[in-house]
Amino acid sequence: MRPIIISVAITGSVPRKANNPAVPITPSEQIESTHEAFGAGAALVHIHVRHDDETPSSDPERFAQVQEGVRRHCPGMIIQFSTGGRGRAPAERGSALKFSPDMASLSTGSVNFPTIVYENQVPLVTELASTMMRFGVKPEIEIFDLSHLHGARRLADAGLIDARAHLQYVLGIQNAMPAERHLLEILVEEGLRLFPEATWAAAGIGRHQRPVSEWAIELGGHVRTGLEDNIRVSSDRLASSNAELVSIAAGQIRAAGHRVATPAEARTLLRLPV
Ligand code: MG
């Protein structure tokens, strides 16, 4: 029986109107949704902020507002800001790191997404990694392709990230890596070859969320869920909340004979201050 961390990606950058009305958009909705997910077992929250229903925001003050609310209502929860690119200018992607969240996402290479190229040029990646180091922010390395693991290794060799990295494998994005178990096994093996002390998690997009979580649990990793990645609990029913998706992941962890990590355990596992 091992403690397994549940991360919840509450919002993302897709408009909710055509999507799912449960996706939290305003800071107060985001804080409330995170609080419910925390109650259901999430120890880490991955945050994008939104200007409105349609538009991603880079406003650092919005990030700060959500961080403050989550710190107040969810004691010990690990706060992770997205530095993701969709709808945001490259120069703005690191603008909230000055608020020193516990963690931030860091993509180490470019990849095709459903309708865009998710562009992560080396100078931007290097700058984001340096900024994270300066503000004491632990990166979560987002792996959308095998080459991104090697991009991360180059950052570690250059002293720009800690070699005790936290890696996240993202499977099931259209035009990127398919959600296949053998592929996750290859990634995990290569990740641990390059980073023997790494921790890792996996995220499955859409209907792949549940099977990818199951594989991650079996293969020794942690799980990510939430409405950013998946808005449904079944082909004919929308998820009612982030908390509902977290409860499903918690059920999978317990069914496999493990337990859900508390925030303090998650901090120890990820080598963050408790
Ligand atoms: Mg994201």
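The model is predicted. Helices α1 and α7 pack with their axes 8 Å apart, and a search of the whole structure finds eleven salt bridges.

**Packing of α1 and α7**

- Helix α1 spans residues 27-39 and helix α7 spans residues 242-255; the angle between them is about 20°.
- Angles under 35 degrees count as roughly parallel, and α1 and α7 are therefore roughly parallel to each other.
- The crossing in which α1 passes α7 is right-handed.
- From α1, the residues S33, E36 and A37 meet N242, A243 and V246 of α7.
- By class, this contact has three nonpolar, two polar and one charged residues.

**Salt bridge R267–D102**

- R267 and D102 pair through their side chains in a salt bridge, at 3.2 Å from N to O.
- Since R267 belongs to helix α8 (residues 263-269) and D102 to the loop between β4 (78-81) and β5 (103-107), the pair ties together parts that are 165 residues apart in sequence.
- R267 counts as buried at 10% relative accessibility, and D102 counts as buried at 15%.

- In the salt bridge of E218 with R181, the closest N and O atoms are 2.3 Å apart.
- E218 lies in helix α6 (residues 209-219) and R181 in helix α5 (residues 181-194), so this pair links parts that are 37 residues apart in sequence.
- E218 counts as partly exposed at 45% relative accessibility, and R181 counts as partly exposed at 28%.

**Salt bridge R224–D229**

- The side chains of R224 and D229 form a salt bridge of 2.8 Å, N to O.
- R224 and D229 are both buried.

Conventions. Residues numbered from 1 in each chain as written. Predicted model: local features only at pLDDT ≥ 70, side-chain atom pairs only at ≥ 80, totals over all residues. Heavy atoms only, no water. Axes fitted to C-alpha atoms, helices over the stretch in contact; angles between N-to-C directions. Helix = DSSP H or I, 4+ residues; strand = E, 2+ residues; numbered from the N terminus. Parallel < 35°, antiparallel > 145°, perpendicular 65-115°, else oblique. Left-handed = near helix turned anticlockwise from the far one by under 90°. Contact = heavy atoms within 4.5 Å. Nonpolar A, V, L, I, M, F, W, Y, C, P; charged D, E, K, R; others polar. Salt bridge = Lys/Arg side-chain N within 4 Å of Asp/Glu carboxyl O. Buried < 20%, exposed > 50% of the residue type's maximum accessible area, 1.4 Å probe, protein only.
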